[in-house]
Amino acid sequence: MSAKGKHRRPKQNPITRRLAFAGTGTAALALPLIGATTAGAAETTAAPAAHSVAAAATYSVVAGDTLSKIASAHSLSGGWEQLYAANRTAIGSDPSVIRPGQTLKIGTLAKAGTKAAPAAAASKTGVKTAANADAKSYPDNLDGWIRESLDVMARHGIPGSYNGIHRNVMRESSGNPRAINNWDSNAAAGIPSKGLLQVIDPTFRAYHVPGTPLDSYDPVANITAACNYAAARYGSIDNVNGAY
């Protein structure tokens with residue numbers, strides 16, 4: 001989105017559905033039994049099962065983190081919204097702004113008095129672990145950002161293809177998610193175009209897709225919002241072949 005800039009005036013966001021997140025709980029692990037080594041030992045009353053200690057699970061923010069990435073990495077059932085709600089006091093009013101070194105609460109490791117899980121529960125844990133292993137992951141590069149955006153777009157009914165997105169990204173930013181236009185009419189108006197598909201902040205906010213970070217520099221959020229805008233104005237990002 002370069003040059004004229006008038007196309008960036010936000011329209012009503014056609015997306016009204018919120019992205020639902022499916023999460024998994026933390027399963028308990030079975031503790032191995034210690035075998036007796038003598039006949040006398042075999043008659044000894046077994047020691048009571050160990051109890052886990054309650055502890056708050058926290059995460060220390062590092063450079064490049066977003067709430068969306070942290071929530072995904074820790075399989076939070078409510079996604080970044082849950083993470084933000086639990087840490088709103090520490091983060092402030094803007095969930096897109098987190099700083100390296102901040103400590104965020106991401107849940108609890110175990111409840112006090114919880115006993116070790118029996119063998120049957122342990123077998124279920126194995127099933128859940130296998131299911132988690134099948135969860136889709138994306139490389140942290142342009143290919144991965146486009147593919148993740150396409151999956152988000154598919155869930156929201158936003159049209160667009162890999163080639164259409166890639167072509168426009170390379171024209172607008174050469175694949176640099178931190179690209180910014182400081183020279184055109186939008187920049188002069190104080191709302192420079194940003195990110196992979198060069199979106200100004202008003203357009204990003206108007207066409208932001210729920211479930212992606214509220215950060216116009218976030219590559220997945222930037223692509224998805226731009227494609228949402230292009231769908232409303234041109235029918236699809238695939239129909240965009242120049243300044244839009």
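Biologist: Which residues do ring pairs link into a cluster?
Modeller: Tyr207, Tyr229 and Tyr244. Rings of Phe, Tyr and Trp (its six-membered ring) pair if their centres lie within 6.5 Å; planes under 30 degrees apart are stacked, over 60 edge-to-face, the rest tilted. Keep in mind that this is a predicted model: local features need pLDDT of at least 70, side-chain atom pairs count only at pLDDT 80 or more, and totals for chains, interfaces and linings use all residues. Residues are numbered from 1 along each chain as its sequence is written, and side-chain values use heavy atoms, with hydrogens and water left out.

Biologist: How many aromatic pairs does the structure hold?
Modeller: It holds 2 aromatic pairs. Tyrosine 207 and tyrosine 229 are edge-to-face, because their ring centres are 5.4 Å apart and their planes stand at 80°. Tyrosine 207 is in helix H8 (residues 201–207) and tyrosine 229 in helix H9 (residues 219–234), 22 residues apart. Helices here are DSSP runs (H or I, at least four residues), numbered from the N terminus.

Biologist: And how is the pair of tyrosine 229 and tyrosine 244 arranged?
Modeller: That pair is tilted, with 6.2 Å centre to centre and 45° between the planes. Tyrosine 244 sits in the segment after H9, 15 residues from tyrosine 229.

Biologist: Is tyrosine 229 buried or exposed?
Modeller: Buried, with a relative accessible area of 0%. Tyrosine 207 is buried too, also with 0%. Tyrosine 244 is buried as well. The cut-offs: buried is under 20% relative accessible area, exposed over 50%, partly exposed in between (1.4 Å probe, protein chains only).

Biologist: New topic. Which residues touch the most other members of the largest nonpolar core?
Modeller: Ile165, Leu197, Ile223 and Cys227, out of 27 residues. A nonpolar core is a set of buried Ala, Val, Leu, Ile, Met, Phe, Trp, Tyr and Cys residues joined through side-chain atoms within 4.5 Å.

Biologist: Which helix gives the most to this core?
Modeller: H9, with 8 residues. Helix H5 (142–156), helix H6 (162–172), H8 and H9 each supply at least two.

Biologist: What does cysteine 227 touch?
Modeller: Met153, Ile158, Ile165 and Ile237, leaving out residues up to four places away in sequence. Contact here is heavy atoms within 4.5 Å.

Biologist: Which residues does the second, separate core include?
Modeller: Ala71, Trp80, Tyr84 and Leu104 are among its 13 residues. Trp80 and Tyr84 are also listed among the buried residues of H3.

Biologist: Where is the kink in helix H3 centred?
Modeller: On alanine 85, with a kink of about 50° in a helix spanning residues 79–91. The bend is the angle between axes fitted to the seven residues ending at a residue and the seven starting there. Glycine 92 follows H3, and its phi is positive, near 105°.

Biologist: Now charges. How many salt bridges are there?
Modeller: The search finds 3. A salt bridge is a side-chain nitrogen of Lys or Arg within 4 Å of a carboxyl oxygen of Asp or Glu. Arginine 147 and aspartate 143 make one of them, at 3.0 Å, N to O. They are separated by about one helical turn, because they are 4 residues apart in helix H5.

Biologist: What about arginine 171: which residue is its partner?
Modeller: Glutamate 172, with the closest N and O atoms 3.0 Å apart. Arginine 171 is partly exposed at 34%, whereas glutamate 172 is buried at 12%.

Biologist: And which residue does aspartate 201 meet?
Modeller: Lysine 194, again in a salt bridge of 3.0 Å, N to O. Lysine 194 is buried at 15%, while aspartate 201 is partly exposed at 23%.
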